[in-house]
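Colleague: Please take one part of this model and go through it closely. Where should I look, and what is there?

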Amino acid sequence: MDESPTAPCAGQSEGVANHSKAKKVITGAGAVVVRDGAAGPEVLLTHRSEPDGWALPQGRLKPDEYPPVCAVRTTVEQAGVRIRLGVPLCQIRRVEDDRDLHVSFWRALAVSVDQHGPKGGADGFAWTPVPQALQLVEEPQQRALIQHGVDLPDSVPILIVRHGKAMLRSAWSGRDQARPLTSRGRRQSQRLVGLLEAYDVSRLVSSTSNRCMKTLQPFAKLRRIEVVGWTTLSEEQAEKNLKAVEKLMRRVVEETVRSGDPMAICGHRPVL
């Protein structure tokens, strides 16, 4: 799954990183969190005293942290708001002194208020009507992000996941459908939990092959969600009947859009 937007924001100067003499690249993530207000759409802004000003919630990645996980974590820390990521927007790039900053942003919806409230990283936050937000935020790239995020419609995430690293076919003597994940594959399935949480996934679909079902199992156990397996998506069945795969995918996508419940579907590289 491609977990980070790579396109620069519209109107951003091309080649900023190439023309700079920045010694250190710092990667971060943030979100344009949108909700319906009494007078129209509102966006979530955070305030810092150094440098003084209002901005979108954003933060630096921790070691081995996925950008979507960082965007959700920092929003909770800075504003006490739990969010569900939607479509990726773009990546803001700028140079400050000896630092080359790359910050990826997503459009997001507020899901709930964290019971513990803000944990730090900002000294205030506010839900702000869009016209006011565009005046408060000083950075032109973030103002463009806010407008773009507000203009986009709400969406329902559907995540396509390839199974974790499995034992080699040459080293496995049993049925291929029973081929297990390796230790690396099990670690990958654990790291997947944070990504699926970032999109507030509440429905899981998978090939019936062991390696696919097990890839989703840690998240399913955490959320107490059933993994619905389909033999149609298994490597063996899919190769024989590609039309059945297409029919099933159309069905699960339509059900997801109808229900509004974010979904993750796990399968094999040839089938994907």
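Modeller: Look at the second largest pocket, where β8 (158-162), α5 (183-198) and α6 (210-223) each supply at least two lining residues. (Helices, H or I of at least four residues, and strands, E of at least two, are DSSP runs numbered from the N terminus.) This is a predicted model: local features need pLDDT of at least 70, side-chain atom pairs 80 or more, while totals for chains, interfaces and linings use all residues. Numbering starts from 1 along each chain, and side-chain values use heavy atoms, without hydrogens or water.

The volume of this pocket is about 580 Å³, the space filled by probe spheres on the joined grid points. A pocket is an open set of points on a 1 Å grid where a 1.4 Å probe fits, with protein on both sides within 12 Å along at least five of seven lines; lining residues have an atom within 4 Å of a point.

The lining has 25 residues. Nearest the centre are R162, H163, G164, K165 and Q188. α5 gives the most, with 6 residues. By class, 9 are nonpolar, 6 polar and 10 charged; charged means Asp, Glu, Lys and Arg, and Gly counts as polar.

Now follow β8 to helix α8. β8 is among the elements covering the buried residues of α8 (242-259), as are β9 (203-207) and β10 (227-230), by contact within 4.5 Å. Those buried residues are V245, L248, V252 and T256. They share one side of α8, because their arc around the axis is only 70°, taken from the directions to the C-beta atoms. On the other side, K243, K247, R250, V257 and R258 are exposed. Buried is under 20% relative accessible area and exposed is over 50% (1.4 Å probe, protein chains only). Just after α8, G260 takes a positive phi of about 80°.
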